[in-house]
Amino acid sequence: IAALRAELDHMKDTVGNGDATAFVLASHGLHSRIAAISPSVILRSFYVTVLDVIESHLLASAPVGDELLPDDMQGRFERDAALVESIADRTVARPVS
């Protein structure tokens, strides 16, 4: 959970800086960590595959205009923060054996 929260801190920094490209990369890092801790082999594999497809698409796409707006980045950050807290709550409530 500490590693997920560290990824969130990095994402928050990119929101504050308004750096959309760094934000997308930080988001990818967070979701890669989430995928890595999934106890389900099938879900982990699916999650990693989807992340790889998204990453390859993002790397092949040219940015348009200002890319993400600060409000968009803040909203995505808040959703990811809520996801991490949900994972933390579940981990505390029922540890994986």
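Biologist: Which residues form a nonpolar patch on the surface?

Modeller: Keep in mind that this is a predicted model. The patch is formed by Leu43, Phe46, Val50, Ile54 and Leu58. Together they have about 440 Å² of accessible area.

Biologist: Take leucine 43. Where does it lie?

Modeller: Leucine 43 is in helix α3, which covers residues 41-60. Its relative accessibility is 45%. Leucine 43 therefore counts as partly exposed, as that value falls between the 20% and 50% cut-offs.

Biologist: Now the charges. How many salt bridges are there?

Modeller: Look for a side-chain nitrogen of Lys or Arg within 4 Å of a carboxyl oxygen of Asp or Glu. By that rule the count is two. One joins arginine 5 to glutamate 85, at 2.9 Å from N to O.

Biologist: What does the arginine 5 and glutamate 85 pair tie together?

Modeller: Arginine 5 sits in helix α1 (residues 2-17) and glutamate 85 in helix α4 (residues 70-93), so the bridge links parts 80 residues apart in sequence. Arginine 5 is partly exposed at 35%. Glutamate 85 is partly exposed too, at 33%.

Biologist: And which residue forms a salt bridge with glutamate 7?

Modeller: Arginine 33 does, with the closest N and O atoms 3.0 Å apart. Glutamate 7 belongs to helix α1 and arginine 33 to helix α2 (residues 20-37), so this pair ties together parts 26 residues apart in sequence.

Biologist: Is glutamate 7 buried or exposed?

Modeller: Buried, with a relative accessible area of 16%.

Methods: Residues are numbered from 1 along each chain as its sequence is written. This is a predicted model: local features need pLDDT of at least 70, side-chain atom pairs count only at pLDDT 80 or more; totals for chains, interfaces and linings use all residues. Side-chain values use heavy atoms; hydrogens and water are left out. Helices (H or I, at least four residues) and strands (E, at least two) are DSSP runs, numbered from the N terminus. Buried means under 20% relative accessible area, exposed over 50%, partly exposed in between (1.4 Å probe, protein chains only). Patches are made of residues with over 30% relative accessible area and no salt bridge: like charges are joined within 9 Å, nonpolar side chains (Val, Leu, Ile, Met, Phe, Trp, Tyr) within 5 Å. Accessible areas come from the Shrake-Rupley method with a 1.4 Å probe; for residues, only the protein chains shown count as cover.
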